[in-house]
Amino acid sequence: MNDKSPGICKVCVKNISFLSFRVTGREEWKVVAEALGLTPSEIRFLDNRVLNPADATLSYVAHQRMLTVGNLYDVLAACNLPLIADDI
């Protein structure tokens, strides 16, 4: 990726907790996790073993590849979470 969007690790670290609470409350985090490329077995693992699976998903994806704020916005919007996308 060669766009000039800041990476999620640099810009949104303070917002990751807020964002993760917004999508963890219900099942939205699973849709977001799938859209971010997690496999069904990874999603099941996080669902059963992690207190805040949305936070774990975002942290994992951010450290595995370059995830920009723009990419994250697009994923949230595509998952029908435009209001949450607007908060990042």
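Author: Axes are lines fitted to C-alpha atoms, for helices over the stretch in contact, and angles run from 0 to 180 degrees between N-to-C directions. This is a predicted model, where local features need pLDDT of at least 70 and side-chain atom pairs count only at pLDDT 80 or more, while totals for chains, interfaces and linings use all residues. Residues are numbered from 1 along each chain as its sequence is written, and side-chain values use heavy atoms, with hydrogens and water left out.

Reader: OK, how many helices and strands does the protein chain have?

Author: Seven helices and zero strands.

Reader: And at what angle do H3 and H4 pack?

Author: About 145°, with the axes of H3 (residues 28-35) and H4 (residues 40-49) 10 Å apart.

Reader: Which residues meet there?

Author: From H3 you have Trp29, Lys30, Ala33 and Glu34, and they meet Ile43, Leu46 and Asp47 in H4. Contact means heavy atoms within 4.5 Å. By type, the residues of this contact are four nonpolar, no polar and three charged. Here Ala, Val, Leu, Ile, Met, Phe, Trp, Tyr, Cys and Pro count as nonpolar, Asp, Glu, Lys and Arg as charged, and the others, Gly among them, as polar.

Reader: Switching to charges, how many salt bridges are in the whole structure?

Author: Two, a salt bridge being a side-chain nitrogen of Lys or Arg within 4 Å of a carboxyl oxygen of Asp or Glu. Lys30 pairs with Glu27, with the closest N and O atoms 2.7 Å apart. Asp47 also pairs with Lys30, at 3.1 Å between the closest N and O atoms. Asp47 sits in H4 and Lys30 in H3, so this pair ties together parts 17 residues apart in sequence.

Reader: Is Lys30 buried, exposed or in between?

Author: Lys30 is partly exposed, at 24% relative accessible area. Buried means under 20%, exposed over 50%, and partly exposed in between (1.4 Å probe, protein chains only). Asp47 is partly exposed too, at 35%.

Reader: Last one: how many residues does the largest nonpolar core have?

Author: It has 18, and Trp29, Val32 and Leu36 are among those with the most contacts inside it. Such a core is a set of buried Ala, Val, Leu, Ile, Met, Phe, Trp, Tyr and Cys residues joined through side-chain atoms within 4.5 Å.

Key. Helix = DSSP H or I, 4+ residues; strand = E, 2+ residues; numbered from the N terminus.
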